[in-house]
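Please keep the sequence and the 3D view open while reading.

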Amino acid sequence: MTLPPTLNSRDTILAVFDHFREELDDHNDRRERLIKSSRDVTNLSKKVIFLLHRTMTEDVGEADDRTLGSRAASRARGKLKEIQSLFAGMRPELSGDRYARYQRNVSPGLQEYIEALSFAHYLEHRALISYEEVQRSLCDDDGTPYFPLSLEDYLLGLSDLTGELMRFAIASISRRGGRQKANDVCHFVRDYFEGLTPYFRDLRKKQAVTGQSLEKIEDAAYAVAVRTSEFDLPSEMLDDLVAQMVSRTADRSGFGDESGRRKPRETDYMDADD
Amino acid sequence: MDSQNLERINSMLDAEVEIREKIKEQVTEFDKRTRTLVGILNRIHSTRSEKMSTLLDQARPVLDSCRETTAALADIVPPDQFWKWKDMWSLSLRSAVFSATLMEYLNSGTLLSLPAVAETLGFKPEWKDRVTLAVEDYLHGVITLVNELSRLAVNSVTLGDFEQPIKISLFVKDIFAGFSMLNLKNDTLRRRYDSLKYDIKKIEEVVYDVSLRKLAPSAQEKAE
């Protein structure tokens with residue numbers, strides 16, 4: 001700007017504010033665009049998460065968990081790619097010092113994406129996706145990051161993952177081998193939960209929800225443990241007993257095999273979603 | 001969680017905590033400086049116009065000392081992370097902007113521009129991605145200036161300076177015309193902008209009182 005250091009007339013003041021307006025408009029427009037993209041990311045990520053849940057609870061008889069897990073992950077991969085290309089599209093808007101400025105506008109979508117990605121990762125590998133792996137999923141072909149993944153988003157995304165795991169554990173508890181699965185999930189979540197100290201304000205809030213999710217899984221695991229102890233039978237036999245019972249009832253009433261279980265599951269879903 | 005990942009997370013957390021602590025230290029210092037500055041400038045309401053320059057001379061070194069804070073912050077903030085940390089010091093920075101613009105107004109009756117404020121506070125263009133004077137912070141400072149001038153309009157009359165309210169009125173109207181050109185979002189800047197009209201009303205009332213009683217010219221007579 002070739003303006004005097006002090007503004008002594010209305011015209012110079014107006015000229016300067018004209019410039020401010022351009023700058024502020026530019027900023028607001030960019031923010032709006034990013035919020036929209038972030039919303040698209042959230043939307044797609046939610047679909048991925050539902051797809052994963054659906055695949056894991058499909059009735060496919062003989063398929064074991066591992067096959068189901070990799071099937072779910074491979075089905076999700078295409079959609080995750082789609083989301084990654086959305087992030088690639090946001091890249092110019094987030095270059096340089098812009099990322100720090102607009103991070104909070106992109107965060108909601110990014111965290112949802114991390115939730116979906118880490119859930120798919122868990123189902124496939126039974127492990128927690130690392131910071132590096134998430135960052136790598138957000139890089140172009142040369143391995144240059146679209147933007148530096150913030151630790152905050154990574155950790156908050158993982159906090160959301162525990163909610164999905166809770167649903168997954170509770171949903172599978174009535175299935176064959178589900179009790180073991182619930183126990184695995186329980187240990188996994190507990191590991192994660194205890195491994196982190198809540199540094200960020202938002203994280204502290206989410207940690208509380210994670211705590212609730214963990215408690216729900218623990219309660220379910222407890223109920224199972226108590227009830228199993230009443231019968232001195234190996235767990236596979238119990239599974240078979242239950243399966244027989246369920247199929248008999250299903251034959252008679254024509255209801256799905258989960259009619260009795262549906263309700264608590266759906267309320268859990270609503271609880272964890274707010 | 002695997003240990004390598006945990007280690008990485010912890011080291012990143014530690015680095016952030018360290019930066020935050022260092023910035024906090026600077027902000028405390030910055031806060032002290034701006035509070036001293038605002039404290040000195042508070043006396044404008046009881047200072048006659050002929051003594052004003054002495055008061056400004058007292059405030060000047062404190063304002064200049066803010067450069068140390070700016071330089072220290074530029075040292076601490078990592079590249080490209082300006083927006084991540086700026087909220088920590090923006091309150092103090094806005095008071096500094098307010099002080100600088102108020103001093104310039106009292107000195108020359110004009111509005112100190114954003115680049116000029118930035119220079120006064122020691123911001124260097126090459127630090128742009130670490131510390132810079134954002135438009136938002138400048139505008140907040142200018143709004144505080146208007147708030148303060150509406151008070152000065154009243155108090156200068158009490159001290160017998162009947163011309164000051166008229167000068168202030170013209171100055172503030174120009175600034176208001178500038179703000180009206182902006183498309184403000186529904187944020188704090190917008191709310192504070194909305195409050196400007198009350199300041200203008202207050203100044204108008206003073207001008208009205210003064211001109212109705214033909215006090216303004218009599219001040220000139222007194223000076224003769």
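Which residues in H1(A) meet which residues in H7(B)?

## Helix packing across the two chains

In this predicted model, Arg10(A), Ile13(A), Leu14(A), Val16(A) and Phe17(A) of H1(A) meet Asp174(B), Ile175(B), Ala177(B), Gly178(B) and Phe179(B) of H7(B), where two residues are in contact if their C-beta atoms, placed from the backbone, lie within 7 Å. By class, this contact of H1(A) with H7(B) has seven nonpolar, one polar and two charged residues; Ala, Val, Leu, Ile, Met, Phe, Trp, Tyr, Cys and Pro count as nonpolar, Asp, Glu, Lys and Arg as charged, and the others, Gly among them, as polar.

Helix H1 (residues 10-56) of chain A packs against H7(B) at an angle of about 25°, with the axes 9 Å apart, which makes H1(A) roughly parallel to H7(B). Axes here are lines fitted to C-alpha atoms, for helices over the stretch in contact, and angles run from 0 to 180 degrees between N-to-C directions; those under 35 degrees count as roughly parallel, over 145 as roughly antiparallel, 65 to 115 as roughly perpendicular and the rest as oblique. The crossing of H1(A) with H7(B) is right-handed, a crossing being left-handed if the near helix is turned anticlockwise from the far one by less than a right angle, and right-handed if clockwise.

Residues are numbered from 1 along each chain as its sequence is written, while chains are lettered from A and ligands numbered from 1 in the order in which they are written. As the model is predicted, local features need pLDDT of at least 70 and side-chain atom pairs count only at pLDDT 80 or more, whereas totals for chains, interfaces and linings use all residues.

## The contact between the chains

The contact between the chains takes 30 residues from chain A and 32 residues from chain B. On the side of chain B that touches chain A, the elements giving two or more residues are helix H1 (3-41), helix H3 (82-85), helix H4 (90-108), strand S1 (111-112), helix H5 (114-120) and helix H7 (164-180) of chain B, and H1(B) gives the most, with six residues. By class, that side of chain B has 17 nonpolar, seven polar and eight charged residues.

Strands take part as well: S1 (residues 6-7) of chain A and S1(B) run antiparallel and are joined by two bridges, with Leu7(A) opposite Leu111(B). Two strands pair if DSSP finds at least two bridges between them.

## Packing within each chain

Chain B has nine helices and one strand, in the order α-α-α-α-β-α-α-α-α-α from the N terminus on; helices (H or I, at least four residues) and strands (E, at least two) are DSSP runs, numbered from the N terminus. The axes of helix H6 (residues 135-158) of chain B and H7(B) come within 9 Å and cross at roughly 160°, which makes H6(B) roughly antiparallel to H7(B). This crossing of H6(B) and H7(B) is left-handed, and the contact includes Val142(B) and Leu149(B) of H6(B) as well as Ile168(B) and Val172(B) of H7(B). By class, the contact of H6(B) with H7(B) has 10 nonpolar, two polar and no charged residues.

In chain A, the axes of helix H3 (residues 98-125) and helix H5 (residues 151-172) come within 8 Å and cross at roughly 55°, which makes H3(A) oblique to H5(A). H3(A) passes H5(A) in a right-handed crossing.

## Confidence

The model scores ipTM 0.86 and pTM 0.81. The mean pLDDT, the predictor's confidence in each residue from 0 to 100, is 80 for chain A, where 78% of residues reach 70 or more, and 91 for chain B, where 96% do.

Within chain B, confidence is lowest in helix H9 (residues 215-223), at a mean of 56, and highest in H4(B), at 96. In chain A, pLDDT stays under 50 over residues 254-274. Where pLDDT is low, the predicted coordinates should not be read in detail.
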